[in-house]
Amino acid sequence: MEIAEDVVKNMSVGAVFKDCGGKISSLDFHRTEDLMVTAAEDASIRLYDTASATPMKTLYSARYGVDHICFTHHTNAVIFSSSNGKSLRYLSLYDNRFLRYFRGHTQRVVSLCMSPKNDSFMSGSLDHTVRLWDLRSNVCQGLLRVRGRPSVAYDQQGLVFAVAMEGGAIKLFDVRSFDKGPFDTFLVGGDTAEVAGMKFSNDGKMMLLSTTNSRVYLLDAYSGKKMHGFTLKPSRNGETLEASFSPDGRYVISGSGDGSLRIWSSLSGAEVACWTNNAGIPAVVKWAPRRLMFATASYVLAFWIPDVSKL
């Protein structure tokens, strides 16, 4: 279903949570249930019900810390990277028990992505490798050596994954035969040399790149051509800014280093809305896959919904 532009323009904060003892580093929505999970600097993992906007559970990974986090297909299980280590962990939220460890990276994990279709997931590290894993085994299923800081993403059908690396190169792999090498390579070039985040639109036709120098690029996923570029204010502390698609792919949203939150049309590239009354820099931003809402996070977590009084 397409989201009308006047609905997007009239989104407002519907719920605010100030329960974290540190900055939120990542969040993820469950694909099929009204659940959201966050990871924060205070080593906390928090679970929320997005339908009722209520906190459900808080767990701590005090020994290892927590940085990037993703839901698995189960409602009570997540994978996350450690903030003070190099390993990945598969955690049961039900009983706060580690189900499996995934070791192999020698430096910090900077990109983590779960397959939308099965138990496979990928991790990219500052050790210049991308590793492919399966939740059912702690043995690495595949290894790709890359240049620079890697960023990884699956398409929404789970058939293709992309790896962005130094020099503005994006390599596309068939999940079933990734060991044969990429089937296509985009040389985006320019100032996309350090891609901090990458996402496919739900229809697989577009890709979104967030760079470490506060630029966001919208690409044609078939040709690699730059469709639009958006410039953000750099964050004073150098944190990377996440950008996300709306579920219908018609809009791109991202926080900016000046504390504002911006939305653009993916068709025209024009700015649709801008909000400046945010608590801190909304560096973490994601649209919910099942509801007309998105979440932003810094030291404060906010749920944004349409303001029906203005529609």
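Helices (H or I, at least four residues) and strands (E, at least two) are DSSP runs, numbered from the N terminus. The model described here is predicted: local features need pLDDT of at least 70, side-chain atom pairs count only at pLDDT 80 or more, and totals for chains, interfaces and linings use all residues. Residues are numbered from 1 along each chain as its sequence is written, and side-chain values use heavy atoms, with hydrogens and water left out.

Residues 17-58 are 0% helix and 57% strand, with end C-alpha atoms 13 Å apart. For residues 244-274 the end C-alpha atoms lie 15 Å apart, and the span is 0% helix and 52% strand.

Next, the charged pairs. The structure holds 16 salt bridges (a side-chain nitrogen of Lys or Arg within 4 Å of a carboxyl oxygen of Asp or Glu). One of them joins Asp-19 to Arg-46, with the closest N and O atoms 3.6 Å apart. This pair links distant parts of the chain, 27 residues apart. Asp-19 sits in the loop between strand E1 (11-17) and strand E2 (24-29), and Arg-46 in strand E4 (residues 44-49).

Now take Arg-262, in strand E24 (residues 261-265). Its side chain makes a polar contact of 2.9 Å with that of Glu-271. Such a contact is a pair of N or O atoms within 3.5 Å; within protein, one must be able to donate a hydrogen and the other to accept it, and residues adjacent in sequence count only if both atoms are side-chain atoms. Leaving out residues up to four places away in sequence, Arg-262 touches (heavy atoms within 4.5 Å) several others, including Leu-232, Val-252 and Cys-274.

On a 1 Å grid over the protein atoms alone, a cavity is a set of points where a 1.4 Å probe fits but cannot get out; a pocket is an open set with protein on both sides within 12 Å along at least five of seven lines; lining residues have an atom within 4 Å of a point. Grid points are joined across faces, edges and corners, and a volume is the space filled by probe spheres set on the points. The whole structure has 1 cavity of 30 Å³ or more. The largest cavity has a volume of about 40 Å³. Its lining includes Phe-29, Thr-50 and Arg-290. The second largest pocket has a volume of about 170 Å³. Met-1, Pro-247 and Arg-290 are among its lining residues.
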